[in-house]
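Subject: Structure for your review

Dear colleague,

Please find below the structure that I am handing over to you. I would be grateful if you would look through it with the notes that follow.

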Amino acid sequence: MTSWFRTYVRLLLCCVVVASGAGDSACWSPGVTSCAECLGRGPQCAWCFKKDFLVPSQRCDSPVKLLRRGCDREFMEQSEIKVEVDATASSTQVSPQDISITLRPGRQRATLRLRLCRESIVSLMHYFITCACVGSEASAIVAVKQLERYPVDLYCLVDVSASMQENLDHLKTVGVALSFRMAEHSSDLWLGFGSFVDKPVSPYINVHSSKIDNPCSDYEIRCRPAHGFHHVLSMTSNMSEFTRVIKRQRISGNMDTPEGGLDAMLQAAVCQRSVGWRPDAKRLLLLMTDQPSHLALDSRLAGIVTPHDGLCHLENNVYTGSTKMDHPSVGLLSDKLLENHMHSIFAVEKQQYQWYEELVRLLPGSYLGKLGLFQAPNLIELVVDAYKTLLSEVAVSVSVEDKAASRYWVSVSPLCPDGSTVKDQSCSGVMPGQTVYFNITIGMRSCPGNGEDEDVTVMVRPVGYNESTVIKVHSKCTCSCGATRRCYEESQCGGSSGQEQELDQGLINDADGESSWNCRRDGSDVDCSGRGACECGRCVCDQTRLGAVYGKHCEIDDFSCPYRGGLLCGGRGTCVSGECVCEDDWTGDSCGCPVSTATCQSTKGLLCGGRGRCVCGRCVCDDPRRSGDFCERCPACQNSCQSYWKCVDCHLSHGLAQKEAGHCNNTCAPLVGYVDVVSGQAEEMWIQCMYISNDNCRHRFQTSTRAGQAQLQISTRPECGNNSRLLGTFLSVCALTVLCGLVVVAVSRLLLQKRGLSPGGTAAEGPYHCPGKDLSFIPTTNEKTVTYRRDCPPDRPLEMHIQVPKMPLCDPWQC
């Protein structure tokens, strides 16, 4: 018997024990005369809807007591708790993506503490155990897997107030160096840039006419005007463009100490299209500042009282809502960062570290770094450390719709890869390829005020992930009471219990001869399909301008089917009972999906290139990194050669022997093969790669991903150069260089000798020879002429005379 099965049996036994003795006396009460009120008293209560069973005040009790009084189980309405998992939706990081839960309210619940090993959780992910002891709560398992080498989008949001001048200069050298450093951890890095100061109104800035356009006029410096947020550069992989944009930035100025950092962060997060966030990338929002930030309600100093709406207000890349709305609250900013899958990194001066330390605790998926100056090496290490830390911590955030938040409670229990359980909603130290399991428990406190059923959406968002789980909770606040839909409560037509029994016997009928319980369709929980009123057994359908509502239970109309392209059912079907009946070649809710998969066939005849599936005439890729009409594009895949070098080196160290290949299982792709010649196959797209070993041999290999599984083929024929041949080539080149030099020297010597001959003589006469230096005569200081004579060569003597004024006989410093 496996461990999970033993756990299953123990849980069932526990349910039997708790259900048999818990709260038997809490169900019955003379004042309980309706099914909904009975089940609301607790999960251990049941309502008997057998026609001849006592009176309404005796129909509510525990199942055991109702059985003793003659009520069979098929006539009992009990709490219904169900969990259904949609296993059809594919997911890479978060699964499952869709869960449906049915709950009933209850005043009492018993708590079971159950410790499951990892194998038990994996086994129970597709099962759910329901029993009376869990009351009005249900649990589901959500798995979050850490992938390896994500593409990364990093948006640098920089405070450009005057005090940040030196830090802005250091940022100009970061782009290229950061891209090389992040290449060790990410397959593809894109950068963006934006700037902020503060709201451009008083008292945050000086509104004097000379200060608005140039806040630094007192210092004879030209500054840019103050602004709430300017989006400067959208996401790009061109690091030269990023550096060029940074070099053009100028500082600005304001008056008060806090800045508008949180206001700018919210705009950078929600303005998806302007910033250019990629849907399949890890999103990092880097805030650089040396001051604290304004919080909500601070704008009242400027007369701005309108709360922030959490929407994007960029026009021509300028934030236009800065002077119209208050700074966002920390709660609103946290929600928007989660909704848009953002990790936030704060790079602040050490003087402000404590202030931002308190802020980071309120923002899930945030990292705080302390820097004395934003020098390039320090900033690069901060970003890399933040990226590794944020990815190694897996956390989830659970939110309930506002309309029902007070009626539900949620608890989260994570199971970390090392088998430990923690009290918080996160696990730290998670490595790539590992999975964290979260047990999400949802409980229902009460029904809506009108007592009707309701549907509520609960979002489970792993922090920083672009996938999430949607839990749809259906509350059962009304009773179906079997096939007859008759609960035998107090009469709904204004009569007594005796009249109600007569109505059931057909003594009191409506105009059509139908009793009042006929207002509900089989399987429905509402009267007249929710589109009419039940008047003692007959539906009076609502009137609408959209079209006719008709049918015995108001179940038919000619307008509620989905529209597509402005046409009912897309013009490819007819509307029947609120659903489209499509023509033969079309399907879908609005008949917008072709049955044929011809539009998904690639030029090679493969469905989505063999890398996806055809959904509604379009390809849905198995690998989230792929895109294109036939899943043919994969920018992140083109950088995957380096990630397989370790694997290739491992196989080379074992001599490319098939029997030794098992030693590399921990570092290699799951499918590795050896081939003589590396060449892509026709039915698959292979990426050609090369690895240079320590002996300077080139080893070719190729990679491919098929159905989400990586494949690797290594060539058994390395390309190695001949060392002796290279040495001979080197020596030959050296010898040829020396020979050319000697020839040049000899030619130069001959040319010089020819130029040394006299015009009319021959080489036999030879050059002249000067035995000594030229002679010069320096007269005394009283003479007026200086004579210079050159005796060499003898046949052309030269004599020069230079006139100088008389000089005094005394020394210059004594005259």
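In which order do the four strands of the open sheet with antiparallel pairing stand? The order is E5-E7-E19-E17. Please keep in mind throughout that this is a predicted model.

The edges of this sheet are formed by E5 (94-95) and E17 (408-415). Each of these two strands has a single partner strand, so one of its sides has no neighbour in the sheet. E17 runs antiparallel to strand E19 (residues 435-444), and eight bridges join the two. Within this pairing, Tyr408 stands opposite Met444 in E19.

A second open sheet is described next. Six strands make it up, in the order E4-E6-E21-E20-E16-E18, and their pairing is mixed. Here the edge positions belong to E4 (82-85) and E18 (426-427); each has a single partner strand, so one side of each is left without a neighbour in the sheet. Strand E16 (residues 394-400) pairs with E18 in the antiparallel sense, over two bridges. Opposite Val394 stands Cys427, which lies in E18.

Eight of its eight residues are buried, so E11 is largely enclosed by the rest of the structure. In a regular strand, side chains alternate between the two faces of the sheet. Both faces of E11 are covered. Lys282, Leu284, Leu286 and Met288 are buried on one side, and Arg283, Leu285, Leu287 and Thr289 are buried on the other.

E11 also has pairing partners. Strand E8 (residues 151-159) pairs with E11 in the parallel sense over seven bridges, and the bridge partner of Asp153 in E11 is Arg283. Strand E14 (residues 342-349) likewise pairs with E11 in the parallel sense, over seven bridges. In E14, His343 is the residue that stands opposite Leu284.

Turning to a helix, H12 covers residues 353-360, and its residues Tyr356, Leu359 and Val360 are buried. These three span an arc of only 95° around the axis, which means that they lie on the same side of H12. The general rule is that an α-helix has 3.6 residues a turn, so residues three or four places apart point the same way.

Which residues does Ser366 contact, leaving aside its neighbours within four places in sequence? They are Ser344, Phe346, Val360 and Leu390. Ser366 itself lies in strand E15 (residues 366-371). Its relative accessibility is 15%, and Ser366 therefore counts as buried, the cut-off being under 20%. A polar contact of 2.6 Å links the side chains of Ser366 and Ser344. The side chain of Ser366 also reaches the backbone oxygen of Leu363, at 2.9 Å.

The protein has 16 helices and 40 strands. It contains 815 residues, of which 41% are buried. Among contacts with a separation of 6 or more, 63% are between residues 24 or more positions apart. The accessible surface comes to about 43,800 Å², and carbon and sulfur atoms account for 52% of that surface.

Yours sincerely

Methods. Residues are numbered from 1 along each chain as its sequence is written. This is a predicted model: local features need pLDDT of at least 70, side-chain atom pairs count only at pLDDT 80 or more; totals for chains, interfaces and linings use all residues. Side-chain values use heavy atoms; hydrogens and water are left out. Buried means under 20% relative accessible area, exposed over 50%, partly exposed in between (1.4 Å probe, protein chains only). Two strands pair if DSSP finds at least two bridges between them. The arc is that of the directions from the helix axis to the C-beta atoms. A polar contact is a pair of N or O atoms within 3.5 Å; within protein, one must be able to donate a hydrogen and the other to accept it, and residues adjacent in sequence count only if both atoms are side-chain atoms. Contact means heavy atoms within 4.5 Å. Accessible areas come from the Shrake-Rupley method with a 1.4 Å probe; for residues, only the protein chains shown count as cover.
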